[in-house]
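Visitor: Please take me through this model, beginning with a single residue and then moving to its wider architecture.

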Amino acid sequence: MEVAKRVEVIIKDPQESCVVMSGCGTSGRLAFLISSGSNKALSQLNQSEVYSYIIAGGDRALLSSQEAPEDDPRLGVLSLKKVCEGKKRVLFIGISCGLSAPFVAGQLDFCLQHPEVYTPVLVGFNPAHQARDEPIQDCTFTFHSVVQRMQELAKSQKAFLINPAVGPEAISGSSRMKGGSATKILLEVAFSAAHAATSSNTPITHNGVLQHMMAYERTLAVTYSQTDGITTLVEAAGESLRCSRHVYYLGWGSLALLGLIDASECRPTFGADYEDVRGFIRGGYRELNNNDGPLTSLGPKFSIAHEDFLHLILPCLTDKDTVLLIYTHSDDATEVGNMARRVREKTPNLHAVYHQADGDTAASLQQDDIKKLCLSTLKITWPQEALVSGTLQHMRELSTKLVLNAVSTGAHVLKGKIYQNHMIDLQVTNTKLYRRATRLLQKLSACPEEKCEEALLKAIYRVDMLTLEMTSSDITTHTCFARNSTKVVPLALVILLTGWSLVEAESHLKQQPIVREAVAQWMW
């Protein structure tokens with residue numbers, strides 16, 4: 001409620017004021033999504049746009065893994081200064097699901113040093129005492145010490161900490177799922193309450209905030225009533241990945257952004273190739289409307305328009321690939337149908353996620369032709385009260401996020417990227433992931449930390465004998481080297497569980513890339 005009130009003040013007096021959201025990876029991508037949607041909502045209310053976003057690694061991180069900048073608090077501060085130049089009142093919202101990202105810690109510390117301009121808000125999903133307390137290079141503070149200072153200032157409402165403990169993720173460490181969804185819910189509830197109060201000139205109330213929250217609860221019920229349809233999509237995508245083929249999301253509007261986000265997260269999360277799961281959006285960068293504009297000059301992985309799909313992907317499409325259309329009743333059915341026919345000429349493995357409003361018979365008739373072209377259609381029908389409440393777009397977005405997270409995660413589970421409910425093939429490309437990899441190896445092998453870190457370094461440097469230079473280097477050096485290494489954690493785990501040499505472990509993983517099966521063969 002209190003954060004919503006601060007947002008309302010800025011909306012009513014936008015001169016030299018702004019709301020800035022910042023995060024790394026998933027958190028930064030959601031900052032972008034929420035900023036974009038919230039500015040559109042303000043425009044519809046004839047209000048000035050006040051929302052901005054920051055993502056560690058810049059706009060290229062919206063579509064690809066940029067893990068290293070997460071460790072750089074100075075880079076976070078520079079990004080914040082740039083966005084807020086000339087502003088006299090800033091509500092800064094730092095998002096760090098595990099209360100751990102140095103990039104965000106640096107920004108929060110800067111805000112605390114300049115209270116005359118900045119009001120800091122921290123959004124995360126661990127208890128405050130579990131904030132990371134490891135030293136940050138070249139800094140006198142830790143994330144934990146920043147949180148302690150914010151807790152003290154929260155007593156006088158000069159800072160805010162919003163950190164419901166949502167519990168462990170379904171797949172350990174994958175904060176893109178539960179943490180990402182909770183981020184979207186919390187911030188959109190606060191912003192929607194502020195928008196409604198501004199529009200109706202009524203105060204923000206506890207009950208009003210609760211009503212916005214309840215809309216998301218209804219979203220879960222509507223979405224998870226479709227478990228059979230979701231299962232079909234997971235199995236289709238999983239079969240494609242098992243065959244070393246691909247999954248493609250073709251979307252319209254903000255739902256396409258969820259497709260882009262979900263696809264971009266697969267590479268760092270599962271050690272996937274960027275081509276394994278890809279998203280495309282109607283209108284490309286014109287629709288994306290990101291800070292840096294078109295990024296196509298950075299390479300083919302940044303080609304995101306439907307035209308790019310038709311030009312680069314469609315000619316090579318096979319019946320082993322899975323294509324998923326993502327659209328709503330308000331999108332151009334003729335256009336969706338034309339795309340469906342183009343894909344259907346190349347593969348029968350075409351599916352759809354379609355959102356419609358209850359009682360919209362005209363849209364249902366148009367949908368019938370598209371449905372005939374698809375192997376399966378996940379039709380999600382929203383009640384009329386969602387249209388009246390004005391929360392329909394947020395509900396459709398969260399629903400789509402839940403479905404796509406299930407599809408990409410389930411597909412990678414079926415491919416063997418998960419071992420005992422842990423993402424085993426994560427990329428070790430920053431301090432957070434290096435620490436996570438070490439803890440993961442300890443848990444799965446029951447070996448001492450020192451032995452686990454030794455196996456991890458062997459896998460990173462691809463050697464059986466570590467040199468003094470390797471063992472004495474800092475984590476940043478290790479993670480820089482690891483960017484060019486593949487299957488680092490699986491390789492280290494196999495070495496620990498079997499006692500094989502590096503060459504032997506590599507050979508077995510090459511023959512059997514699914515870790516649990518490679519280990520099972522050894523045990524047998």
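Visitor: Which residues does Gln107 touch, not counting those up to four places away in sequence?
Guide: This is a predicted model, in which local features need pLDDT of at least 70, side-chain atom pairs count only at pLDDT 80 or more, and totals for chains, interfaces and linings use all residues. Residues are numbered from 1 along each chain as its sequence is written, and side-chain values use heavy atoms, with hydrogens and water left out. Taking contact as heavy atoms within 4.5 Å, the residues touched by Gln107 are Ser22, Ile54, Gly76, Val77, Ser79, Leu80 and Phe92.

Visitor: Does Gln107 count as buried or exposed?
Guide: Gln107 belongs to helix α4, residues 102-113; helices (H or I, at least four residues) and strands (E, at least two) are DSSP runs, numbered from the N terminus. Buried means under 20% relative accessible area, exposed over 50%, and partly exposed in between, with a 1.4 Å probe and protein chains only. Because its relative accessibility is 0%, Gln107 counts as buried.

Visitor: What is the strand order of the open sheet of 5 strands?
Guide: The sheet has parallel pairing. Its edge strands, each pairing on one side only, are β7 (277-281) and β10 (376-382). Neighbouring strands are turned by 15° against each other on average, direction ignored. The order is β7-β6-β8-β9-β10.

Visitor: In β8, which residue is the bridge partner of Gly251?
Guide: Strand β6 (residues 247-251) runs parallel to strand β8 (residues 322-328), and 5 bridges join them. The partner of Gly251 is Ile326.

Visitor: What angle does the direction of helix α15 make with that of β10?
Guide: Axes are lines fitted to C-alpha atoms, for helices over the stretch in contact, and angles run from 0 to 180 degrees between N-to-C directions. Helix α15 (residues 392-415) packs on the sheet and touches β6, β7, β8, β9 (350-357) and β10. Another helix, α11 (residues 306-313), lies across β6 and β7 and runs at about 130° to β7. For α15 and β10 the angle is about 150°.

Visitor: How far apart are the C-alpha atoms of Arg245 and Asp276?
Guide: Arg245 lies in the loop between α8 (227-242) and β6. With 22% relative accessibility, Arg245 counts as partly exposed. Leaving aside neighbours within four places in sequence, its contacts include Asp276, Lys320 and Asp321. Arg245 and Asp276 are 31 residues apart along the chain, and their C-alpha atoms are separated by 6.8 Å.

Visitor: At what angle do the axes of helices α20 and α21 cross?
Guide: Pro490, Leu491, Val494 and Ile495 in α20 meet Leu502, Ala505, Glu506 and Leu509 in α21. The axes of α20 (residues 488-498) and α21 (residues 502-511) come within 9 Å and cross at roughly 115°.

Visitor: What is the radius of gyration of the chain?
Guide: The chain has 22 helices and 12 strands, and 55% of its 524 residues count as buried. The radius of gyration is taken over C-alpha atoms, and the globule rule is 2.2 Å times the number of residues to the power 0.38. For 524 residues a compact globule would be near 24 Å, which agrees with the chain's value of 23 Å.

Notes:
Two strands pair if DSSP finds at least two bridges between them.
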